[in-house]
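Biologist: Could you walk me through this fold, one step at a time?

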Amino acid sequence: MNRLFSILLLLVMPAMVHAQASVHGTVVDQQTGTPIVGASVVITGTTVGAITNDAGGFNIITDRSVTSLTVTSAGYAAAEIPVTDASVALRIRLTPSQTKLPGVQIVANKPTPSTAVLTQQDLDRASGLNLENSINTVPGVFMQSRTPWGGARITIRGYYPSTSGNSPNSNGLGYNVFLNDIPVTDASGATILDDIDYSTLGNVEVIKGPASSQYGSQIGGTVRFTTARPTPNETSLSQQLTSGSYGLLRSNTSFQTATSSSDLVLNYGHQTYDSFRPHSGSLKDYLSATGDYTVSDNQTLSAYFAYNRSFEELAGEIDSADFYARRRVSNAAYLANDSHIQITSFITGLTDNYRLTDDITNKTTVFGTGRTYGQPFAHGFTDANQFTFGARSAFGYSGQWGVVDVTGTLGGMLERTNISTNGVFIVPAPPYPQRPTDQENYATIASLFTEWNFAMPSQVTLTVGASLNKNEFGIRNMLKNGQVFDTTTTQVRSFDAVIAPRVALTKGFGSNASVYASVSSGYTPPLLSNTIDNTGAVDLSLKPERAVQYEVGAQGSLFANRLNGQVALFDVENTDKLVSQTANSITYTTNAGKQRDRGAEASLSYLVIDDPTQLVSLVRPWASYTYNDSRFIDFKSDNNNTAATVDFSDRAVPRVPRNMFNGGLDLSSNQRIYLNSTYQYVDKVPVTLDNSTYVKSYDLLGAKIGYKTKMDRHWSLDASLGGDNLLGSTYYSFLFVGPNYAGLAQAPDGGHGDGYIIPGPYKATVYGNLTLRYTF
């Protein structure tokens with residue numbers, strides 16, 4: 001009997017094993033790798049399947065033979081995934097659909113207050129070589145560039161960290177930028193984007209204000225770049241060539257490959273530009289490698305490396321008389337000193353994603369960046385070498401506590417930047433003294449952060465979070481007024497640890513609408529260079545700027561998700577405002593005021609046609625609007641409170657437009673023709689603290705028409721022709737501002753008497769793009 005039972009058991013076991021067969025894996029966003037929650041994964045041709053959990057995971061148990069899966073999720077293109085080995089975990093990447101609202105990630109049942117997402121389609125609206133054309137469609141965001149292809153600065157909801165001196169007139173400050181989870185913003189607080197290849201990006205996330213506890217709680221916010229990922233299960237080699245007005249020539253050579261367990265992207269780009277006015281040409285080289293490798297069902301490794309060279313000539317700011325007369329002139333002081341900025345840099349990082357249990361994950365990134373740059377400017381030069389290194393680690397939790405779904409993050413980041421600088425500043429006033437500098441400095445940032453979401457019954461979600469941030473600067477100032485100052489002592493400025501909490505409450509209405517309210521706090525420390533007082537010593541009294549952001553909003557969709565929109569009201573109360581003042585011909589920084597940024601943001605998109613069988617297969621008009629009332633509150637030129645102190649209270653913050661409008665129309669045809677058009681209106685802005693001088697409003701029109709086709713099973717083609725400033729408007733690409741301009745007399749020719757405008761091209765510019773791809 002026992003022998004008979006054993007024989008029967010052996011015969012039945014294969015059937016039992018077959019009955020317990022399963023297909024499992026995770027579904028993520030193709031560009032960001034973020035888990036997609038609530039995606040439907042079914043065996044193709046059946047109704048058997050599963051819904052992804054909060055970690056994007058799924059597990060289908062079936063007695064069927066599984067050869068492919070069909071995966072769908074709102075806001076993403078459906079995908080059919082072949083299954084060759086059911087025992088191997090699948091990592092399925094979904095591509096965002098073209099029907100998403102530009103600059104907005106609409107997910108009504110899981111809203112993201114204060115956050116906007118630009119997809120690959122948004123980034124390719126124009127030439128794809130710069131970021132302004134796409135990121136400026138996001139309500140509340142205004143990006144400007146000091147040169148045609150460099151010197152970028154992003155203003156979010158009217159905030160920038162100081163109002164004079166070099167700080168607001170150079171590179172980005174008051175916000176953090178990450179590239180593939182690697183901080184681009186160094187530990188001193190400065191963000192340089194000259195050496196970022198925007199054409200390789202596949203996703204940009206903008207967190208407005210201190211609305212996330214996970215990325216440093218800077219008052220301005222956080223911008224997260226993610227490079228484009230290859231098409232799943234495909235290997236290709238592509239060559240792109242772009243040519244345009246004023247000598248623009250760009251080539252991109254890219255190799256991409258992706259399997260079920262790994263992917264790799266190699267890219268080399270070379271770009272030259274002559275410019276439309278004297279001495280503002282550009283030369284850039286970009287080399288990058290990005291890869292993912294699935295080690296096991298529970299572990300994925302990601303690596304990124306980039307080597308970049310950037311050379312940007314500086315033509316300088318011009319007077320309003322030359323600007324409105326549309327003269328193609330440059331600043332004489334910049335020309336005399338052959339002003340330019342030359343950067344050689346690398347950025348690298350290794351990220352480990354590990355699932356410890358069904359509920360707990362860990363994501364750790366170790367990173368390093370190096371940069372060497374030289375900059376002769378109008379009144380001197382600066383040379384610097386810097387190296388930044390550090391690590392960021394975050395544990396994620398996803399589980400259910402009774403009827404409450406809980407997700408959370410707990411982590412920390414440590415970053416250090418070592419900087420060696422030397423140069424000279426020639427004071428632009430008699431007797432024109434020279435002030436050499438020679439410094440060996442460092443900056444460190446240490447932060448702990450946590451953020452938790454509690455999804456409760458009745459579609460109510462509570463979000464609570466906080467970050468603990470600690471900054472320290474070390475300065476070895478070896479020269480003072482041209483004399484040896486101190487070659488051995490490092491002066492240390494260690495700021496008190498700052499806690500920045502936040503809380504948000506969201507209420508959903510079905511799957512198509514939600515409202516939210518949030519309160520978040522943030523801080524921005526002074527730049528390392530700002531901590532030196534007028535004696536050359538470290539100012540121990542200088543404090544970080546602090547702010548609290550209040551926000552309410554709603555978002556949702558109607559008519560089967562064809563009409564999508566969102567609206568937000570915000571109030572940012574900024575205290576301990578940093579301002580520059582001058583003593584003994586030395587400019588230094590002090591805390592001397594408050595700023596209030598209040599406004600409204602709205603976005604709307606309507607998918608009129610979405611039918612690939614029709615001649616006109618897609619029609620989508622969209623619009624976004626920003627109202628921003630940024631004002632100084634109790635703000636003065638200095639904190640001396642003497643007769644010379646100027647009170648700027650209740651004045652509008654310079655360089656912040658009160659009204660901005662963006663609108664566009666996207667069209668596609670089943671004949672593979674597409675059209676993207678974008679219109680932008682920017683209101684007039686003051687450029688002086690006393691609001692005595694304004695730069696006029698302007699509007700811009702851009703359009704791009706293209707033809708995309710797959711010629712055979714191997715070759716595909718994308719050819720396009722586009723143009724910017726098609727109306728020939730007189731507009732600026734960057735504005736300088738400072739108290740030195742306040743009260744200056746008008747020049748005889750009608751100008752302001754000092755330059756403060758970096759002009760954009762006065763005439764329409766055009767470009768053509770040709771991309772040829774071979775798929776193996």
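Here are some questions and answers about it.

Modeller: This is a predicted model, where local features need pLDDT of at least 70, side-chain atom pairs count only at pLDDT 80 or more, and totals for chains, interfaces and linings use all residues. Residues are numbered from 1 along each chain as its sequence is written, and side-chain values use heavy atoms, leaving out hydrogens and water.

Biologist: How many residues does the largest nonpolar core have?

Modeller: A nonpolar core is a set of buried Ala, Val, Leu, Ile, Met, Phe, Trp, Tyr and Cys residues joined through side-chain atoms within 4.5 Å. Buried means under 20% relative accessible area, exposed over 50%, partly exposed in between (1.4 Å probe, protein chains only). Ile-154 and Leu-193 are among those with the most contacts inside the largest core, and its residue count is 28.

Biologist: Is Thr-222 buried or exposed?

Modeller: Thr-222 is found in strand E16; strands (E, at least two residues) are DSSP runs, numbered from the N terminus. Leaving aside residues up to four places away in sequence, Thr-222 touches Asn-176, Phe-178, Glu-205, Val-206, Ile-207 and Tyr-215, where contact means heavy atoms within 4.5 Å. Because its relative accessible area is 5%, Thr-222 counts as buried.

Biologist: In E18, which residue is the bridge partner of Thr-235?

Modeller: Two strands pair if DSSP finds at least two bridges between them. In E18, the partner of Thr-235 is Thr-257.

Definitions and conventions:
Helices (H or I, at least four residues) and strands (E, at least two) are DSSP runs, numbered from the N terminus.
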